[in-house]
Amino acid sequence: MSRVVVMDLRRHNTVLVGHERYFIFAADGRKLLVRDWCPHRGGPLSLSRQTADGRRLVCPWHGTKVGTAAVKRTSVPMVRSGDEAVVLLTGTEADAPVTVIHKRILANLPPEAESTETPACLPERAPAGAHE
Ligand code: FES
């Protein structure tokens, strides 16, 4: 089953189709829609960081380094007209709901730009030895 999804790239960077996730990955000055799936155990590569050389993404779950070339190979066909992108997703379930959203993507940050924010899914940790 193939699905056609229309994205406004000014407002959307993530596509959810049933249990499948895709995110916009900026590579070599181009925007690609790639699978948000780590080959180790399916972690969210959209939340990864690039290595210092920019050639790999480090999965936030267990630290597997995935080559950006391999990530780019998961890109799906996308035709752009300005900020509008028409995406063709193949192999999706016929009745799977499709959601197009915007979420913060850390994979596109340069490696030097370390975030000091705690991801929303993780609790703040008290420093070692601190008592509450
Ligand atoms: S799921 Fe990515 S390193 Fe384990």
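This is a predicted model: local features need pLDDT of at least 70, side-chain atom pairs count only at pLDDT 80 or more; totals for chains, interfaces and linings use all residues.
Residues are numbered from 1 along each chain as its sequence is written.

**Exercise 1.** Find the strands that pair with β9.

Solution. Strands are DSSP runs (E, at least two residues), numbered from the N terminus. Two strands pair if DSSP finds at least two bridges between them. Start with β1: it pairs with β9 in the antiparallel sense over 7 bridges. Val5 has Val87 in β9 as its bridge partner. Now take β8 (residues 78-81): 4 bridges join it to β9, again antiparallel. Here Val79 bridges to Val86. β8 and β9 form a hairpin with 2 residues between them. Gly82, in the turn, has a positive phi of about 65°.

**Exercise 2.** Classify Asp95 as buried or exposed.

Solution. Locate Asp95 in the loop between β9 (84-90) and β10 (98-101). Apply the cut-offs: buried means 20 or more other C-beta atoms within 10 Å of the residue's own, exposed 12 or fewer, partly exposed in between, with C-beta atoms placed from the backbone. Asp95 has 7 C-beta neighbours inside 10 Å, so Asp95 counts as exposed.

**Exercise 3.** Judge the confidence of the model.

Solution. pLDDT is the predictor's confidence in each residue, from 0 to 100. The protein averages 84. At least 70 is scored by 80% of the residues. Over residues 114-127, pLDDT stays under 50.

Technical notes: Two residues are in contact if their C-beta atoms, placed from the backbone, lie within 7 Å.
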